[in-house]
Amino acid sequence: SSYNDKDFSFRVNGGTGRVPVGVGRKRMRIVVTGGAGFVGSHLVDKLIKRGDDVIVIDNFFTGRKENVKHHFGNPRFELIRHDVVEPILLEVDQIYHLACPASPVHYKYNPVKTIKTNVMGTLNMLGLAKRIGARFLLTSTSEVYGDPLEHPQKETYWGHVNPIGVRSCYDEGKRTAETLTMDYHRGANVEVRIARIFNTYGPRMCLDDGRVVSNFVAQAIRKQPMTVYGDGKQTRSFQFVSDLVDGLVALMEGEHIGPFNLGNPGEFTMLELAGVVKEVIDPSATIEFKANTADDPHKRKPDISKAKELLNWEPKISLQEGLPLMVNDFRNRILNEDEGKGN
Ligand code: NAD
Ligand code: UDP
Ligand code: UDP
């Protein structure tokens, strides 16, 4: 590595993107809220690897210490058990704000808490960013487009969202979080970045979060039928987690606010996804149809031209390449569960 331990200083005054990453770059102190979760822990790995100091804030609602335990004992890593709904005082250069349950099962579990996390949690992190002059990145979601009437979705599309449905705590929560982010930018000059993340999968996803990729992969490993909801003709676009993490860092380090769609434009029906799982994980896997959930978007596919052009980013890993990369992690955790050790 090109980093010299004796040559660092904490930069607490914004402007972080003006420093070229790489040789001679100052080491930064970075907060990752939700850093013990699926995406957050992969982001933490990347930031630690490139030589920065990372503080994880997590209340462990869906995150797990196991996801970051390989950094325990590293003086450049800190883990704080904290709920972002409460204020916090820290001195950092950048804030990656990921804290929020992401799967429908988890965000519907306590919808009011989901809204508080999105609104009060985001407000607190923006207040923190304002006070210390840190750059702030919000991980928003493709769900801000709702059940889209425009396909594929561009960032200019305002969405088609039900304000009173069972998904609204998440969709509308994230929409409000985006609004807060832009208002802190316009009103308080906070340097902000907004990512709209499309369905992402990979190692460390919660095993039983009810999401389609984790369900199908776990079901195939357990030799259970893959549960296809509805007619299975609804579509999603699935991005491997390392592609997303590269996009988040490119966005944070770049000069553009966004919002930017970060997703893989490869579009699959749920039946096609089941087919790929069958092909790459277990040729004997079967499927079983189940009733669909309310407000399920019919199709979703990102238009990523903006991120390609302005961030020079695009996903590299196809579904066929990415799925096998999560099998070992899932197999090990399922084995542990079966042996009664929990996950
Ligand atoms: P995750 O559930 O694995 O991670 C979320 C993390 O936030 C967990 O560690 C959880 O414990 C923590 N958290 C939740 N509420 C908190 C609170 N009030 N205070 C502190 N910590 C809290 O989910 P993920 O898939 O890693 O998602 C990370 C972010 O990306 C979320 O903001 C999510 O909305 C967004 N996102 C994810 C996807 C995806 O497909 N995974 C898609 C769109 C957007
Ligand atoms: N906040 C925080 N840490 C800080 C600064 C602010 O958690 O270092 C919280 C603060 O408690 C408030 C929110 O962020 O709830 C918004 O702060 P801001 O200063 O923008 O607004 P105000 O405090 O005036 O409502
Ligand atoms: N789905 C499915 N079987 C499952 C879980 C989900 O067919 O076991 C479908 C679900 O109805 C939806 C799609 O897969 O159409 C994606 O669902 P997920 O919860 O993964 O993500 P989101 O709806 O948030 O995009």
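Helix α5 (212-221) and strand β8 (226-229) each give at least two residues to the shell around ligand 3. Helices (H or I, at least four residues) and strands (E, at least two) are DSSP runs, numbered from the N terminus. This is a predicted model: local features need pLDDT of at least 70, side-chain atom pairs count only at pLDDT 80 or more, and totals for chains, interfaces and linings use all residues. Residues are numbered from 1 along each chain as its sequence is written, while chains are lettered from A and ligands numbered from 1 in the order in which they are written. An open sheet of seven strands is present, with parallel pairing.

**Ligand 3**

- The shell around ligand 3 holds 15 residues; R211, V212, N215, T227 and Y229 are the closest. A residue is near a molecule if its C-beta atom, placed from the backbone, lies within 6 Å of it.
- Strand β8 makes the largest contribution to the shell around ligand 3, with three residues.
- By class, the shell around ligand 3 has five nonpolar, seven polar and three charged residues. Ala, Val, Leu, Ile, Met, Phe, Trp, Tyr, Cys and Pro count as nonpolar, Asp, Glu, Lys and Arg as charged, and the others, Gly among them, as polar.

**Ligand 1**

- Ligand 1 is surrounded by 29 residues, and the closest are G34, G37, V39, T62 and G63.
- At least two residues of the shell around ligand 1 come from each of α1 (38-49), β2 (53-58), α3 and β5.
- Helix α1 supplies the largest share of the shell around ligand 1, three residues.
- The shell around ligand 1 divides into 14 nonpolar, 13 polar and two charged residues.

**Ligand 2**

- Around ligand 2 stand P87, I88, L89, L123, N124, G127, L128, K130 and R131.
- Five nonpolar, two polar and two charged residues make up the shell around ligand 2.

**The sheet**

- The strand order is β3-β2-β1-β4-β5-β6-β11. Two strands pair if DSSP finds at least two bridges between them.
- β3 (77-81) and β11 (260-262) stand at the edges, each with a single partner strand, so one side of each has no neighbour in the sheet.
- On average, neighbouring strands of this sheet are turned by 20° against each other, direction ignored. Axes are lines fitted to C-alpha atoms, for helices over the stretch in contact, and angles run from 0 to 180 degrees between N-to-C directions.
- Strands β5 (residues 135-141) and β6 (residues 192-197) run parallel and are joined by six bridges. T139 has A195 in β6 as its bridge partner.

**Helices on the sheet**

- Helix α3 (residues 111-132) lies across β1 (29-33), β4 (94-97) and β5, and runs at about 170° to β4. Two residues are in contact if their C-beta atoms, placed from the backbone, lie within 7 Å.
- Helix α6 (residues 241-253) also packs on the sheet, where α6 touches β4, β5, β6 and β11. The direction of α6 makes about 160° with that of β6.

- The axes of α7 (residues 270-280) and α9 (residues 319-338) come within 10 Å and cross at roughly 60°.
- α7 and α9 are therefore oblique to each other. Angles under 35 degrees count as roughly parallel, over 145 as roughly antiparallel, 65 to 115 as roughly perpendicular and the rest as oblique.
- The α7 and α9 crossing is right-handed. A crossing is left-handed if the near helix is turned anticlockwise from the far one by less than a right angle, and right-handed if clockwise.
- In α7, V276, V277 and V280 meet L319, Q320, L323 and P324 of α9. This contact of α7 with α9 has six nonpolar, one polar and no charged residues.
- The axes of α5 and α9 also come within 10 Å, crossing at roughly 60°. The pair is therefore oblique.
- α5 passes α9 in a right-handed crossing.
- V217, A218 and I221 of α5 meet L323, M326, V327, F330, R331 and I334 of α9. By class, the contact of α5 with α9 has eight nonpolar, no polar and one charged residues.

**Backbone details**

- H151 and P152 are joined by a cis peptide bond, with omega about -10°. P152 lies in the loop between β5 and α4 (168-188).
- A cis peptide bond also runs from G258 to P259, with omega near 5°. P259 sits in the loop between α6 and β11.
- N189, a residue other than glycine, has a positive phi near 60°. N189 belongs to the loop between α4 and β6.
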